[in-house]
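Welcome, and take a moment to turn the structure around before reading on. The report below walks through a few of its parts, one at a time.

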Amino acid sequence: MQLRSRPLAAIVFAALVIAPTCHAAVVVRVLGEPAELSPAPQVKDEVLLGAPATIVGRLGCRFMSGGHDSLIIITPRDRRIVLRPGSDELTVDGRGFEMPHEAFMAGGELICPLVPVLEAVGAVVRWDADAGRLDVETRIEAVDVYADDEGTRIEVRSELAIEGTLFRVEDPERYYVDIPGAWIDGLQQDRTYVNLGSVLRVRWGQFEQDPAIARVVVDLRAAADVRWEPDEDGPGGSMTVGEVDGDEPLMERHVPKITRILAQAPDADTTLVTLELSDPVPIEYDVQIRPPRVVLELPDAAPIMPIAPVSVAGELVSSASLEGDDPPAVTVVFRRGRLADRRIVIDPGHGGRDSGAPGRTLLEKDVNLDVAHQVAARLMALGVQTVLTRDSDVFVDLYDRPELANRLGADLFVSIHCNAMPKPNTGRGTETYYYHARSRCLGLVMHAALVQALGRRDNGLRRANFCVIRETEMPSVLVELMYLNTDEEEALLRRPEVRAAAAQAICEGLRQYVEGTGTAQERLELGS
Ligand SMILES: [Zn+2]
């Protein structure tokens, strides 16, 4: 059996060695779709040679034969390109350019270096010589929006032919057109605020890169008829909402305005900053805690007047909300708090028959409980009302943990865990998880405190759909201190001073969050 199998193995091995040296066919994609070229393109002296006619035809170019087998390509924007067999010159609107190889006839077709010719046509050409792949795509040159109360027309203009597919999405109501093989990321603007009739705004961006897909989205305020049709007189296409005449003049688009900014201080620890707006607009904000700074971004709105700085008494943003009333307004609440005023639930992960992650000698449930006890002791010494979801080695249902915090009306919730990888000794470091946007700021501050105190690898603040942080109604985080099934980190977690440092860091994170003196600096998006 062994002797017989040997030649077979040798044959398989030889085949594997030979395969990569075989010359793979060149794959051509035009506007994201595979294209079969005849004759097949080939690489000669590192130059990709092929017949351009099929490709440029798909891009909306016309072509014709000139004298002496020359090929004339006319692009949709009337650029004129001439190629002659036996010549390495490429003529673009009368100007000559040298190609890396001369054009020649084969099988009745004019063959030429494809890359310079397709670039002269105005295509976006990506030639990957190693993979043997040629992508021929186009660029969106402009998105122009025409609108009045009756309708909106969005004209998508490109250098070469494009094809789009219209899709509808409900809740919120919107339509989008995907344009395969198109690049739209070079445009200066990425949206136009319309706010007329049923159209709220039009926005566009690069949805995919390989192959390229450009996406144009119309956000609606109410259901409406939306159509997509190719332009009659040239490349490009139009999305039309409702009825808008072909020669309707471009309306001055309506830009929402920030009409007023108000700052009030109802008590010594609180400042409310209110931005009144002419229209409801989406808002994002940046929170930087050291130095204390909040940057509100209202990408669809323009201030009606120069805005002077508004001073605030507090250091931390507790909340920001968009009110859709009349007039719409954004209110940001800055409140300096005291840890002693807070009610905090500490959740030691696992317990009882659920041991959590196993180390060589330690069980996760025991480490979690010990650290949680130390956190609770420290918090209670500071006068914080502290509740543990379990106080001993007992099993507690996953849903009962957030339920307890919700019932108590807790202000903050921290779930303490240690991590494990399926394979021992492969993981290391500290992670912090949050779910709701309202918990992100706590997560940033808590994670920074833990990473600083434990000095392990910073695996970052992450978002995850874990029950305990999803079901809690207050800011909540889940911390994974270290990896219990990694020998080095288990040894650390066995040391009392390391557990004490973890407990202190969790208390420090809570204190910094409440008092607004943390060090985290990252974008916080307004959300649920
Ligand atoms: Zn766990």
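## Strands, helices and cores

Strand β4 (residues 47-50) and strand β11 (residues 109-113) run antiparallel and are joined by two bridges. One of the residues to look for here is glycine 50, whose bridge partner in β11 is cysteine 112. Please keep in mind that this is a predicted model.

These two strands belong to an open sheet of four, in the order β3-β4-β11-β10, with antiparallel pairing. At the edges sit β3 (42-44) and β10 (104-106), each of which pairs on one side only. From one strand to the next, the twist averages 35°.

Now look for helix α3 (residues 114-121), which lies across β4 and β11 and runs at about 95° to β11. Is this helix enclosed or open? Seven of the eight residues of α3 are buried, so the helix is largely enclosed by the rest of the structure. The buried residues are Leu114, Val115, Pro116, Val117, Leu118, Ala120 and Val121.

Helix α6 (residues 440-454) has 15 residues and reaches 21 Å from its first C-alpha to its last, close to the 21 Å expected at 1.5 Å a residue.

|---|---|---|---|
| α3 | seven of eight | glycine 122 | positive, near 110° |

In soluble globular proteins, nonpolar side chains tend to be buried together. Here the largest nonpolar core has 62 residues, and Val117, Val121, Ala214, Val216 and Val218 touch the most other members.

Leaving aside residues up to four places away in sequence, valine 218 touches Ile154, Arg174, Tyr175, Val199, Val202, Val226, Met239 and Val241. The strands concerned are β18 (residues 191-196) and β19 (residues 199-209), which run antiparallel and are joined by four bridges. Their hairpin has two residues between the strands, and glycine 197 takes a positive phi there, near 55°.

Follow the chain onward and you reach aspartate 210, in the loop between β19 and β20 (212-220). Is aspartate 210 buried or exposed? Aspartate 210 has 10 other C-beta atoms within 10 Å, and a residue counts as exposed at 12 or fewer, so aspartate 210 is exposed. Aspartate 210 and glycine 181 are 29 residues apart in sequence, and their C-alpha atoms are 8.7 Å apart in space.

Finally, step back to the whole protein chain. How many helices and strands does the chain have? There are nine helices and 36 strands. Of the 528 residues in the chain, 41% are buried. Among contacts between residues at least 6 apart in sequence, 65% join residues at least 24 apart.

Terms used:
Residues numbered from 1 in each chain as written. Predicted model: local features only at pLDDT ≥ 70, side-chain atom pairs only at ≥ 80, totals over all residues. Buried ≥ 20, exposed ≤ 12 C-beta atoms within 10 Å, placed from the backbone. Contact = placed C-beta atoms within 7 Å. Expected span 1.5 Å × (residues − 1). Core = buried A, V, L, I, M, F, W, Y, C linked by C-beta atoms within 7 Å. Pairing = 2+ DSSP bridges. Axes fitted to C-alpha atoms, helices over the stretch in contact; angles between N-to-C directions.
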